[in-house]
Amino acid sequence: STAVECIWDTSRNSLLNTSDAAHEPTRLQLRGHPNKKKKYIATLTEQAANKVLTPIDEGMPAQDELAKQARDMDSRWTQLYDGKLSVDEFKVLAADSR
């Protein structure tokens, strides 16, 4: 089976099987209650989205700073190839590029 199928099976099993956690409904508790099922699925979906998106949001400032540094370094390399950097500036650029 594919990775997607394994994830689907895992999420389906955790939804349908009896859970040890008191806050998770069992299959019997959800049977015949489509609104409860929908709400539970929506809650699981929201939790999964938050679990994925929160670290991405937290990493955005670091990504922005890294992109800024990359643009600065690219500009300095362009200046080097245009013959506009001193030897000392080249040494700093070389050290920054390691």
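In this predicted model, the side chains of Arg 76 and Asp 96 are joined by a polar contact of 2.9 Å. Arg 76 belongs to helix H3, which covers residues 34-81. Asp 96 is one of several residues that Arg 76 touches once residues up to four places away in sequence are set aside; the others are Leu 85, Val 92 and Leu 93.

Is Arg 76 buried or exposed? Its relative accessibility is 17%, and buried means under 20%, so Arg 76 counts as buried.

The next residue to look at is Trp 77, which is also found in helix H3. Trp 77 has a relative accessibility of 27% and therefore counts as partly exposed, a class that lies between the limits of 20% and 50%. Apart from neighbours within four places in sequence, Trp 77 is in contact with Phe 90, Leu 93 and Ser 97.

With Ser 97, the side chain of Trp 77 makes a polar contact to the side chain at 3.1 Å. Trp 77 and Ser 97 stand 20 residues apart in sequence, and their C-alpha atoms are 9.7 Å apart in space.

Now consider the whole protein. It has four helices and zero strands, which gives the pattern α-α-α-α along the sequence. Of its 98 residues, 9% count as buried, and Arg 76 is one of the buried residues. Among contacts between residues at least 6 apart in sequence, 17% join residues at least 24 apart. The accessible surface of the protein is about 8400 Å², and carbon and sulfur atoms account for 57% of that surface.

Note on methods
Residues numbered from 1 in each chain as written. Predicted model: local features only at pLDDT ≥ 70, side-chain atom pairs only at ≥ 80, totals over all residues. Heavy atoms only, no water. Helix = DSSP H or I, 4+ residues; strand = E, 2+ residues; numbered from the N terminus. Buried < 20%, exposed > 50% of the residue type's maximum accessible area, 1.4 Å probe, protein only. Contact = heavy atoms within 4.5 Å. Areas by Shrake-Rupley, 256 points an atom, 1.4 Å probe, with all protein chains shown as cover. Polar contact = N/O pair within 3.5 Å; in protein donor to acceptor, adjacent residues only side chain to side chain.
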